[in-house]
Amino acid sequence: MTKTTRVSRISGFHKLTPAERLEAVAAFAGLEDSHRQQLAAPGNLDADLADHMIENMVTTIAIPVGVAANLKIDGVDVLAPMATEESSVIAAVSNSARQCYEAGGFTTSMSGMEMIAQIQLLDLPDPERTRLTILERREEIAEICNDCDPMLVRLGGGFRSVEARVLDTDGGRMVVTHLIVDTRDAMGANAVNTMAERLAPRLAEWTGGRPLLRILSNLADRRLARARAVWPVDAIGGAGVRDAMIAAFHFADADPYRAATHNKGIMNGVSAVVLATGNDTRAVEAGAHAYAARDGRYRSLSRWEVTAEGHLSGMIEMPMAVGLVGGATKLHPTARALIAVAGCDTAEGLARLIAAVGLAQNFGAMKALATDGIQKGHMALHASNVAIDAGAVGDEIAMVAARLVEARSVNVNEARSVLAELRSR
C-alpha cells in the first residue's frame, strides 16, 4: 500500500445505493474501467473459466461483497473488500475502525514470507543419525529446491533453510524434514510441494528411509501477520466498557469453549477478505486455529490490555499465507478487481490488511458482547434477511425489517404477519 491522501471515511456510505457505492469505491481506488465493469456485472464469473477452475462444475454461487470503510493502516487510508453472507460483519469492522481512526488506526508488520514443506521418512533404524545426515546435506538440498523454481529465485525467493526432527508416534519413530522456502508474493503451496516431491527420493538415497508424505504445512508460523491499535477510552464509551472488554478477553483466553467463538469472530473478518481476494480460506483458517493452540491449549488469537494512559490496546498475531500470484487470485477477474480496491501490490501488504481487519472485527464483537449483547446490532441487520425469507420484495423489505426491530421479534412468522398486514392496507 502506497502513501496517499485518499480518505477511507466516506460519509453516509451505507446509505448509498449499490451502484453509488461502487462508483465511490472505484473513485477511491482509481479502478480501471475493466475492473469497474467487472464489479458491476451481476454474474461475474464466466462459465467456461469456472469449468476450468474446478472439476464437475455445474454452476457458480454468488456471495455478497462489500467494503469496510474507515480503515487507516500504517498511516494509509484503505478500503477492505469482504465477501460474506453474514449480517453485521462489515458494519462491525467499519465501526471499529472509525473508533480508532483519530488515534492513528492500525499499525501492522509481518514476520516473513516463508512457507514450510514436510517430508516424512519411515523405516529408519537410526533416526538420530538420519537427522544429522539430512542437515549435513544443506547445500545439496538448497540446489535441488531452487532448481524447481528458477523464477521464484530470480524474484528473491527460494530455499532458505532445512530442519529435521525425530518424531515419536504411536506407529514408531520417524524423521520429518522441513524445507523452509520464501515464496514471495505467492501463497506457495505448489512451489513447496514440488520441492518436497523432488527432494524425497534423494533423502531416501542418503538415509535408506522410506519417504511417504510430501506436503506443505498450513501452520505457517514463519509467515505471521501482526496488527495493533489503540482505542481511546472516551471513544469507546468510557472505562466501564474498556474494563468489560478486558474481562471478555480474559474469559476467551482462559476457556477454549469461549475462545472458539471469540476466534470465529476474528475469522468472520479474516476469511471475508481472504475469500474476496481469491485466496484459500481453508488454509488460513487451519493455520489460525492451529496457531491458537500452539502451547497445548486453545486460546485467543488476539491480546488486549490497558495502556499507561488508560486506553484500550488490542493486538493480533496469526499465520497469514495469502498470495497475489497463482490460483484464483490471478484467474478470477473479480478477485483481481477487488485486490485493486484493496490497493495491495504485495502479498505482505494484503496479509497485513487482513490482520487489521481481524483485529477490528474482534473489537466490534467484544464491545457488542460486553455492552448491549450481540443480538441488538446483529438482529437489526439480520431483519432484512428475515423479511426477504418471509416473501417481502422491494420497499416492503425495509418496512418489514423496521417493524421487526421495533417489536424486538426478528423471526419469519412475525415477518409474515407484518407483511400480510402491510399488503392488506
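Arg-228 is partly exposed, since its relative accessible area is 48%; here, buried means under 20% relative accessible area, exposed means over 50%, and partly exposed is in between, with a 1.4 Å probe and protein chains only. The structure is a predicted model, in which local features need pLDDT of at least 70 and side-chain atom pairs count only at pLDDT 80 or more, while totals for chains, interfaces and linings use all residues. Residues are numbered from 1 along each chain as its sequence is written, and side-chain values use heavy atoms, with hydrogens and water left out.

Arg-228 belongs to strand β8 (residues 224-231). Helices (H or I, at least four residues) and strands (E, at least two) are DSSP runs, numbered from the N terminus. Not counting residues up to four places away in sequence, Arg-228 touches Gly-105, Phe-106, Thr-107, Gly-314, Met-315 and Leu-359, where contact means heavy atoms within 4.5 Å. Although Arg-228 and Ala-355 are 127 residues apart along the chain, their C-alpha atoms are separated by 8.9 Å.

Helix α11 has twelve residues and reaches 16 Å from its first C-alpha to its last, close to the 16 Å expected at 1.5 Å a residue; the expected span is 1.5 Å times one less than the number of residues. Which residues of α11 are buried? They are Thr-281, Ala-283, Val-284, Gly-287, Ala-288, Tyr-291 and Ala-292. These residues cover an arc of only 165 degrees around the axis, which puts them on the same side of α11. The arc is that of the directions from the helix axis to the C-beta atoms.

Leaving aside neighbours within four places in sequence, Ala-292 is in contact with Asn-263, Arg-297, Tyr-298, Arg-299 and Leu-301. Helix α4 (residues 89-101) and helix α14 (residues 347-370) pack at an angle of about 95 degrees, with their axes 8 Å apart. Axes are lines fitted to C-alpha atoms, for helices over the stretch in contact, and angles run from 0 to 180 degrees between N-to-C directions. The angle makes α4 roughly perpendicular to α14; angles under 35 degrees count as roughly parallel, over 145 as roughly antiparallel, 65 to 115 as roughly perpendicular and the rest as oblique. On the α4 side, Val-89, Ala-92, Val-93, Ser-96 and Gln-99 meet Val-357, Ala-360, Gln-361, Phe-363, Gly-364 and Lys-367 in α14. Ser-96 is buried, with a relative accessible area of 1%. Beyond residues up to four places away in sequence, Ser-96 touches Trp-231, Ala-360, Phe-363 and Gly-364.

Glu-396, Ile-397, Val-400, Ala-401 and Leu-404 are the buried residues of α16. They cover an arc of only 125 degrees around the axis, which puts them on the same side of α16. Turned away from this buried side is a face with the exposed residues Asp-395, Ala-398 and Glu-406. After α16 comes Arg-408, whose phi is positive, near 55 degrees.

How is α16 placed against helix α17 (residues 412-424)? The two pack at an angle of about 125 degrees, with their axes 10 Å apart, and are therefore oblique to each other. Their crossing is right-handed; a crossing is left-handed if the near helix is turned anticlockwise from the far one by less than a right angle, and right-handed if clockwise. The contact is made by Glu-396, Met-399, Val-400, Arg-403 and Leu-404 of α16 and Glu-414, Ala-415, Val-418, Leu-419, Glu-421, Leu-422 and Arg-423 of α17.

Finally, two loop residues have a positive phi. Asp-74 has a phi of about 55 degrees although it is not a glycine, and lies in the loop between β1 (65-73) and β2 (76-83). At 24% relative accessibility, Asp-74 counts as partly exposed. Ser-88, also not a glycine, has a positive phi of about 80 degrees and sits in the loop between β2 and α4. Ser-88 is partly exposed, with a relative accessible area of 23%.
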